[in-house]
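Here's a friendly walk through a protein fold for someone meeting it for the first time. Have a look at the model first, then read on.

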Amino acid sequence: MRPTLSWTPTADLPPGTTDVGPVADALSAGGVLVLSGAGISTESGIPDYRGEGGSLSRHTPMTYQDFTASAQARRRYWARSHLGWRTFGRARPNAGHRAVAAFGRHGMLSGLITQNVDGLHQAADSEGVVELHGSLERVRCLSCGAMSPRHELARRLDAANPGFAPVSATINPDGDADLTDEQVGDFRVLPCTVCGGILKPDVVFFGEAVPPQRVEHCRELVHGATSLLVLGSSLTVMSGLRFVRQAAQAGKPVLIVNRDATRGDAHARARVALPLGSTLTTVADRLGIPVDGLSAT
Ligand SMILES: [Zn+2]
């Protein structure tokens with residue numbers, strides 16, 4: 001579940017470090033399972049919910065309950081998400097995504113779980129990415145279960161809403177742009193082309209459970225890993241934190257790269273309190289791995 005939206009660090013957490021050595025050592029040993037969060041995508045222009053200027057301070061994410069209960073909530077969601085989709089479509093992987101892909105190509109990773117719905121790990125050519133909270137690139141019908149590509153719905157929405165081009169100053173990590181009710185106006189929401197049912201992006205909303213088979217698959221990935229490397233997540237929500245706890249309980253080293261304190265710090269061998277892109281580039285340099293995919297041998 002993702003309903004817990006706030007968490008306050010306690011004073012007894014271990015402090016962060018600027019030493020990237022433990023991260024390099026873990027990758028060098030291999031079998032590293034990466035768990036990434038919104039923090040790895042901020043350098044691609046997608047803001048985090050939390051941390052400095054985090055969008056939770058001004059934006060309440062859509063909950064599953066609101067979305068399913070109210071046609072007006074769905075109109076608001078789809079208008080905002082349709083606008084946000086254009087911004088997401090322009091976002092490109094940054095040095096952090098490219099470094100993770102390079103670690104994967106060099107056989108250092110046993111798996112990659114992301115809490116992000118932006119598709120940027122795949123865009124950086126990482127393989128076998130497990131999307132814990134789903135993806136904005138797919139749309140699912142809540143009635144018949146039909147799945148369709150988001151770009152098809154985007155095309156239909158463009159045609160159904162000619163002239164819809166509001167300007168939003170902010171975009172959120174769930175692909176939801178900030179719009180006023182006036183800007184949403186009478187935005188037309190479209191039904192499933194198969195059965196006329198309600199369409200929802202194939203993402204896990206706040207207040208919604210991650211599908212059990214997906215959780216089980218992630219548990220198996222933790223079970224099979226040598227260590228767990230958390231990249232850019234405050235681990236505020238249980239959907240990611242439970243894998244940190246599982247790894248720690250199994251005696252596997254947990255390493256975290258996140259500028260701010262996280263809810264998993266008490267379970268971690270170390271938290272590197274530095275920006276993701278430069279940290280992972282430094283680690284790759286130390287390991288002698290080219291990060292740019294084009295220069296990889
Ligand atoms: Zn349907």
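When two helices are compared here, each axis is a line fitted to C-alpha atoms over the stretch in contact, and the angle runs from 0 to 180 degrees between N-to-C directions. Keep in mind that this is a predicted model.

Let's start with helix α10 (residues 276-287) and its partner α1 (residues 21-29): they pack at an angle of about 55°, with axes 10 Å apart. The crossing of α1 past α10 is right-handed. On the α1 side, the contact is made by Gly21, Val23, Ala24, Leu27 and Ser28, and on the α10 side by Val283, Arg286 and Leu287. Sorted by type, that makes 5 nonpolar, 2 polar and 1 charged.

Helix α10 also meets α4 (residues 95-105), and here the crossing is left-handed. From α4 come Ala95, Gly96, Ala99, Val100 and Phe103, while α10 brings Gly277, Leu280, Thr281, Val283, Ala284 and Leu287. This contact has 8 nonpolar residues, 3 polar ones and no charged ones.

| Helix pair | Crossing angle | Axes |
|---|---|---|
| α1 and α10 | about 55° | 10 Å apart |
| α4 and α10 | roughly 35° | within 8 Å |

Now for the sheet. In what order do the 6 strands of the open sheet come? They run β3-β2-β1-β7-β8-β9, with parallel pairing. β3 (129-131) and β9 (270-272) sit at the edges with a single partner strand each, so one side of each has no neighbour in the sheet. From one strand to the next, the twist averages 20°.

Zooming in, strand β1 (residues 32-36) pairs with β7 (residues 227-231) over 5 bridges, in the parallel sense. Within that pairing, Leu35 stands opposite Val230 in β7.

Helices pack against this sheet as well. α1 touches β1, β2 (109-114), β7, β8 (254-257) and β9, and its direction makes about 125° with that of β8. Helix α8 (residues 212-224), for its part, lies across β1, β2 and β3, running at about 140° to β3.

Finally, how many salt bridges does the structure hold? There are 6. One of them joins the side chains of Arg140 and Asp202, at 3.7 Å from N to O. This pair links distant parts of the chain, with Arg140 in strand β4 (residues 134-141) and Asp202 in strand β6 (residues 199-203), 62 residues apart.

Key: Residues are numbered from 1 along each chain as its sequence is written. This is a predicted model: local features need pLDDT of at least 70, side-chain atom pairs count only at pLDDT 80 or more; totals for chains, interfaces and linings use all residues. Side-chain values use heavy atoms; hydrogens and water are left out. Helices (H or I, at least four residues) and strands (E, at least two) are DSSP runs, numbered from the N terminus. A crossing is left-handed if the near helix is turned anticlockwise from the far one by less than a right angle, and right-handed if clockwise. Contact means heavy atoms within 4.5 Å. Ala, Val, Leu, Ile, Met, Phe, Trp, Tyr, Cys and Pro count as nonpolar, Asp, Glu, Lys and Arg as charged, and the others, Gly among them, as polar. Two strands pair if DSSP finds at least two bridges between them. A salt bridge is a side-chain nitrogen of Lys or Arg within 4 Å of a carboxyl oxygen of Asp or Glu.
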